[in-house]
Amino acid sequence: MTTLTRRMALAGLALLLVLAGAGAAQAETTLEKIARTGTFVVGTRTGSPPFGFIDKQNNWGGFSVDLAKLVHANIEKKLGKPVKFELKESTPATRIPLLTSGAVDLIAGTMTITRARRDSLDFSAVFFVTGAQFLVKKGSPIRGVQSIAGKRIGAQQGSTNEKALREKYPQAQLVVFPDQPAAFTALVQGKIDAYTNDGVQLAGLKAKAPNPAEWDVVGEFFTYEPYGMAMRKGDSDFRNLVDFTLMDAIEGGEYQKLYDKWFGAQGEVPYPLSESARIFLQMQAIPH
């Protein structure tokens with residue numbers, strides 16, 4: 001074998017080893033990654049009360065975070081060892097890149113399940129149902145989608161609400177913001193006439209405003225927003241673990257306890273669970 005041939009053979013072998021290593025890395029499941037790193041990383045919100053937010057005591061928590069903690073407990077049970085629980089901020093613009101890059105293992109915030117998103121992600125069972133409405137200053141002439149023509153309407157970048165306005169209500173003047181706090185600040189300053197988001201999030205924003213009585217949540221739902229936890233595509237073992245955690249919580253009553261904690265009469269954002277939503281959730285709990 002000549003020196004040149006030997007070098008080519010070694011180079012080819014090195015390339016094969018690199019490709020094999022890349023393939024192995026890509027094949028690592030979420031549970032394998034968590035077992036290797038010893039950390040379960042959850043992407044959630046810091047400004048969407050009561051799903052994910054930082055309270056006055058600077059504690060980061062919320063309804064979605066508590067549901068993710070139930071998943072965390074089952075991960076530890078599955079792996080048979082302690083695992084660190086870590087939160088990382090995610091927004092509508094950053095959550096998909098964070099998930100697909102492996103920076104987070106689960107998105108547990110206020111992410112709507114859509115057919116387009118299912119092309120690149122997997123979703124859990126639905127854990128909350130709402131729809132888009134508008135937050136306006138009390139006395140505003142805006143009462144719903146029928147009165148937004150020519151009005152400056154704020155929406156979050158990358159949200160389903162932004163998409164709905166662009167596609168179905170082009171007569172409105174859409175103004176896009178990177179996150180909810182920025183949009184609300186613009187509304188307070190009069191830079192926009194209304195802010196649209198899912199009704200429950202607007203209720204949370206109103207409840208946490210310095211003077212809640214200054215604001216109204218108006219209009220019928222103009223979108224359907226089923227929230228799910230998002231995961232990397234094609235990881236059925238992890239998806240089943242997340243799904244079964246949610247189903248067990250719904251069947252066993254833990255879901256209702258957490259719902260009452262955050263949305264009950266004494267919760268962060270009073271928002272009663274409708275009977276139709278309760279039945280819908282229960283119907284998702286498939287038999288053992």
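This is a predicted model: local features need pLDDT of at least 70, side-chain atom pairs count only at pLDDT 80 or more; totals for chains, interfaces and linings use all residues.

User: What volume does the largest pocket have?

Analyst: The largest pocket is lined by 20 residues. Among those nearest its centre are Ile113 and Tyr224. Its volume is about 460 Å³.

User: Which element supplies the largest share of the lining of the largest pocket?

Analyst: Three elements each supply at least two residues: strand 14 (225-227), helix 5 (115-118) and helix 6 (160-168). The largest share is five residues. Those five come from helix 6.

User: Is Thr160 buried or exposed?

Analyst: Thr160 sits in helix 6. Beyond its neighbours within four places in sequence, Thr160 contacts Thr112, Thr114, Arg117 and Glu225. Its relative accessibility is 17%. Buried means under 20%, so Thr160 counts as buried.

User: How much space lies in the second largest pocket, and which residues are closest to its centre?

Analyst: The second largest pocket holds about 300 Å³ of space. Its lining has 15 residues. The closest to the centre are Pro49, Phe53, Ile54, Lys208 and Ala209.

User: Which elements give two or more residues to the lining of the second largest pocket?

Analyst: By class, this lining has eight nonpolar, three polar and four charged residues. The elements giving two or more residues are strand 3 (52-54), helix 7 (180-188) and helix 8 (199-208).

Key. Residues are numbered from 1 along each chain as its sequence is written. Side-chain values use heavy atoms; hydrogens and water are left out. On a 1 Å grid over the protein atoms alone, a cavity is a set of points where a 1.4 Å probe fits but cannot get out, and a pocket is an open set with protein on both sides within 12 Å along at least five of seven lines; lining residues have an atom within 4 Å of a point. Grid points are joined across faces, edges and corners, and a volume is the space filled by probe spheres set on the points. Helices (H or I, at least four residues) and strands (E, at least two) are DSSP runs, numbered from the N terminus. Ala, Val, Leu, Ile, Met, Phe, Trp, Tyr, Cys and Pro count as nonpolar, Asp, Glu, Lys and Arg as charged, and the others, Gly among them, as polar. Buried means under 20% relative accessible area, exposed over 50%, partly exposed in between (1.4 Å probe, protein chains only). Contact means heavy atoms within 4.5 Å.
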